[in-house]
Amino acid sequence: MIRRACQRAAALQSRARLSSSFTVSADVWRPPRDSNPRSSSPRSHSTPRHVNRTPKLRYKDKYVSALLSRKTTSDSFVFACRALRCKDEIMLLADTDLRAWNEALKRRLEVRDERGAAELLALVARFAPENASEPVWIDLLFTVLRQRSSHVFRTEEIHELLGQLKKRYGPLFVARVLVEVVNGCANNKMLVAAQELLLYQQKLWSEIRKSEWGVSSQEPLMPPSVVGHLMAQMTAKNKFKEVLRLGNEYFANPEFDPVRDFQQQGFLELFEASVETEQSPRKIVRHFLDYVDESVRVSGRDLEKVKKLVLERGFGAAIQSCVATEEFSLALHCYLTMESTRERIIGKEEFSDSDASEEKIRVVDEVLPVDENIYVNVMKACRSLKDFSTLKEAFRGMVARGVGRSAGYGSAIRYCHEHLDPDFLEEVLHEVFATEEELAGAWMLEVENYNDALGCYAATKKFEQAKELFSQMLNNPFIRPDHITMLEMVENHRDAPIEEIYNLMDAFLQWKLVPNLQVFTSLLSTCMRRRELGDAAALIKAMKQHGVVLDVKAYTSIAFIHASLGDLKAVVGVLRDMANQGIATDTVFFDYVINALYGSCGIDMCFSLFRELSQEDLAIPEGLYVALVDLGTQIGLIERTLHVAYNMECEGFQLSSEQLHELMMRCHSDAEISEFVRTFSLLHQGSQPDTPRFEVELYEDLISMLTRNNRKNEVAKVQELAKAAGHGDLIV
């Protein structure tokens, strides 16, 4: 439709302007007479009847009446448009309501008469520049766009029409029209059209500012509120990638000025979009900081003007998006910029360590007030960057402003637990209890934060501080410990008498809190360290009574106690129970058991475990072989360990290249070297895998060892083994 009207303009003489490009003499054309008189009947007309929704419009010309009638055929409508071109333009506009042109366009589009709609647009575009009306063209363009929105936005078609309007009425006229059109499209969720027209309007800025003398360089040609509103509508529709693309294109224009052409709402939407799409907000942050810097400069450090900007919202969103996308350095940069901006505005620091005294002084920010969420994100960024000094400064700033609650204090306590800083934890807890007292029950620390604090004390062996903190929990009727609390307190009692641990368990039972698997395992570990077999057996019995299924850690603890007492039969009994329960052993299990047997009874008892398992028809696990090879290598029992290694291979368990290399480096006597070469040769029997099993360094070090010990006859044999394994080209 629009293309047809524009193409007609291009077909006329090059000197003709837009008005003449749409002009066709009404004298050379007459509406055809209907061959069938009945064709004009409403009943026989193909167009469905419509309810007359036309508002009361003022007009005198009968051709305008024809334009507003749905019964007008396409040919008659075109005739009426061309007839109106011959009228006196000033009188026609004076006698006609401005809304009539848009109503006529709506009627044509409703009956899908694109030819008539094109003629109507050509008619209105013919009006002289001094008679051009922005409201008329706002309505016309929006009507066309709304009709097109149900199909596909035709960028080329719309741009061609706007280009013709620019030639006729100038770029400033088009820019002003597009302001309302873009806003209308955003309100009606016509987001694709709104984006395209926004960027088109922005391209006119340079031309307008060069040619239009009345346009101030300080005034925006597109109100920032319209841009922010459009981005908010796009974000509400989850068009996050489109929002970022629009923002990048809008910022890229050389005429773009952050303060003049944008507002904070747009930055908030862009920061949210960067989080949702997991894209770095670096470009957005750069423009936002430019916006902040220029806004503060323009305000002249007027506190009231700066307050109205609500810049703290933008800083909070920027920091949060940086943390969410793991741009932690950028998050700290935003935070430090916010702090320096406040100092720049008020001309001094509101809080410093020197202000601290026995009487707490609350800091009330006149501008850029910081909330708890900002401090939480800053501390998270500091933990990731290991910038602990900035973290502590941020925490003290949060305390000074009195905004710290569960999230803020919890983040500081989490840092203490992760990085084992009990001294700072004391400071944090002191502020926590002071805040609780100040709020008089309106807020209290959550049990998860207590658990973190107890975990920090357990890891740093500050057992007395943990017990004191736990007693404080007991005095608070609103705090209910959980299994994590129980676990951390067991760890904090690992050096306490066993009676004290039982008293602790009784305290938890009063809360109807029964130990779970992790707590029982921790208690078994305590018994394991003390070699308390009776208590360990009682714990195993209690676990079974409470329906707690033992895992490999629990079995490891009880097996270790038996092994440390030299009770090999009991160790085998534990392995039998595990096999019956379908619980597989791991390397840690046999590391503990073998080392305990060796410490209590010597190496022979370790090897006896093989015999006992065979007698009980229990499979020998791979972990037992691995643990024995490691222990034999460590104590220098080379030949016997090599036999175990070969048996391990025969059972289908492969010895690692690192284990074999370590075993080789412990060979010193001729007998040990000979046994190693013999075992090493046996490991190369059969077909070799495509990828070499042992590292080339193993062959090279073995050849060097044989050369040093004057065993050159065996060097050639090792070289052949290397070639067969796929290392022939690497052996020198």
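## The 516–550 span

In this predicted model, residues 516–550 are 77% helix and 0% strand. The end C-alpha atoms of the span lie 10 Å apart. UniProt, in an unreviewed entry, places the feature "repeat: PPR" at residues 516–550.

## Overall make-up

The protein holds 40 helices and 0 strands. It has 732 residues, and buried residues make up 50% of them.

Consider contacts between residues at least 6 apart in sequence. Of these, 69% join residues at least 24 apart. The accessible surface comes to about 36,100 Å². Carbon and sulfur atoms account for 48% of that surface.

## Helix α39

Helix α39 covers residues 696–708, which is 13 residues.

Which residues of α39 are buried? They are V696, L698, Y699, L702, I703, M705 and L706. An α-helix has 3.6 residues a turn, so residues three or four places apart point the same way. Just after α39, N710 takes a positive phi of about 55 degrees.

## Cysteines

How many disulfides does the structure hold? The count is 0. C334 is in no disulfide. The nearest cysteine sulfur to C334 is that of C322, 4.5 Å away. A disulfide is a covalent bond between the sulfur atoms of two cysteines.

C334 has 0% relative accessibility, so it counts as buried. C667 also counts as buried, because its relative accessibility is 5%. The cut-off for buried is under 20%.

## S216 and its loop

Where is S216 placed? This serine is in the loop between α12 (205–211) and α13 (224–236). S216 has a relative accessible area of 34%, so it is partly exposed.

The side chain of S216 has a polar atom 3.1 Å from the backbone nitrogen of Q218. The cut-off for a polar contact is 3.5 Å, so this distance falls within it.

Terms used
Residues numbered from 1 in each chain as written. Predicted model: local features only at pLDDT ≥ 70, side-chain atom pairs only at ≥ 80, totals over all residues. Heavy atoms only, no water. Helix = DSSP H or I, 4+ residues; strand = E, 2+ residues; numbered from the N terminus. Buried < 20%, exposed > 50% of the residue type's maximum accessible area, 1.4 Å probe, protein only. Polar contact = N/O pair within 3.5 Å; in protein donor to acceptor, adjacent residues only side chain to side chain. Disulfide = S-S within 2.5 Å. Expected span 1.5 Å × (residues − 1). Contact = heavy atoms within 4.5 Å. Areas by Shrake-Rupley, 256 points an atom, 1.4 Å probe, with all protein chains shown as cover. UniProt positions renumbered as here; feature names shortened; annotations may be inferred.
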